[in-house]
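Here's a quick briefing for anyone meeting this structure for the first time. Have a look at the model, then read on.

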Amino acid sequence: MTAQKKSTRTRLIEAALELFAAQGVTETTTKAVAERAQVNEVTLFRHFGSKYGLLLAVMEEYANFAQLGKALVEQAISKKSIAEALKAYAQESLQALERVPELVRSVVGDAGQYPLENRLAIGEGLSQANRRVAECLAVAIADRGWQSRFPAEKLASLLNGLLLGYFIIDLTSEGDALWEGKEDFLESLVELFLHGAIAPQTPTTAKVTPVADLPSNLVHAILQRARKLGRQEYALAYVLFGGGLTAAEIVRLERSHSLSDSHQHILQINCGAVRQVPLAHWIMGKRYGSSTNNPLTQWLKSRKDDRAALFLNQEGQPMSEQELQALWQNLTQGLLTLEGKSPTIEQARQTWCVEMLMKGIELEDLSILSGMDIEELQPFDRRAREKAAIEQAHRLDRKSG
């Protein structure tokens, strides 16, 4: 492709890459980059804002983080085992870095000379890249039925941090006898993640996990606390008990995933088991609005921002699983289950499953709405039958009296 046919942005990024690699980021001026790209300096600022904005674009373009995240999902689908998927992703990541070794060397070598605001900008750029990979990683883990001991964001950061660290050590030093080459490192990395971070879900997990649904008075107490805290807190509690979603699914919801009309209010789930889930208006015998006027629609109507995420943290960023867990702990502080324990956020999903079965939904239909296997739902079915039998016994007792 000739220079005339390339876009201005592409020419600027390529020119910056050449100069950064040749003389370092600190010594490279925006004027020099603009001259090499055959544009004026104002055009560079219009596209990237500053030299460090240009550096972020160069890093993203040539490390291709978005494609790497996509590759992780593709590897998870195409490979027979988690070990193969992780190793393939790690290999592609190192290959992406190997395409621009001088850029990496320059960024690392010059980093101490960057002003604080620029180091923060680069850190945010890397965090955004990690978040992209984390989103794909969460989908890959859920789709294959794996389990992770860490939230997806931490897992992605840990994985990419180890890969970048290995590459920098290999790039900047000689005689390191710790690894017998890249293949040895990759095998060790996969072994670490398989036995320390990720593991296939055992088929017996669902069978041995006891069902611990919450009583109605406790559910309503949590919802009332949430209502007093604020619209977002009320909406979150409503989605937990009215839709039966996992924490991972909730934090990845976007505003466009909330679909409501005069007849129904549906959430589109694109993480893990892709499906649509109708939000219940009646929860444990009490009505919480309608399809067009409920805690979630009220939260959305009150929003003044243009963020895509359905739920936000105090900084206006998408809420993380850790932040959702902290909110749940705040909502349930001092409350105890019948067993004398603090309610867990997972029990909201269990409560929803049991209530749906109590309302008469078939197991196959609940499997579609919950994304859980029918075998996994068997304990919930037994619990629903148990509660129905208790209610029947109470009715007979009252009738006898």
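**A pair of packed helices**

Helix α17 (residues 346–358) packs against helix α19 (residues 374–400) at an angle of about 60°, and their axes lie 9 Å apart. This is a predicted model, where local features need pLDDT of at least 70, side-chain atom pairs count only at pLDDT 80 or more, and totals for chains, interfaces and linings use all residues. Residues are numbered from 1 along each chain as its sequence is written, and side-chain values use heavy atoms, with hydrogens and water left out.

**How α17 and α19 meet**

- α17 and α19 are therefore oblique to each other (angles under 35 degrees count as roughly parallel, over 145 as roughly antiparallel, 65 to 115 as roughly perpendicular, and the rest as oblique).
- On the α17 side, Gln350, Cys353, Val354, Leu357 and Met358 take part, and among their partners in α19 are Leu377, Phe380 and Ala384.
- Sorted by type, the residues of this contact are eight nonpolar, one polar and four charged.

**A buried serine**

- Ser367 sits in helix α18 (residues 363–370).
- Ser367 is buried, at a relative accessible area of 18% (buried means under 20%, exposed over 50%, partly exposed in between, with a 1.4 Å probe and protein chains only).
- Beyond its neighbours within four places in sequence, Ser367 is in contact (heavy atoms within 4.5 Å) with Met372, Asp373, Ile374 and Leu377.

Notes
Axes are lines fitted to C-alpha atoms, for helices over the stretch in contact, and angles run from 0 to 180 degrees between N-to-C directions. Helices (H or I, at least four residues) and strands (E, at least two) are DSSP runs, numbered from the N terminus. Ala, Val, Leu, Ile, Met, Phe, Trp, Tyr, Cys and Pro count as nonpolar, Asp, Glu, Lys and Arg as charged, and the others, Gly among them, as polar.
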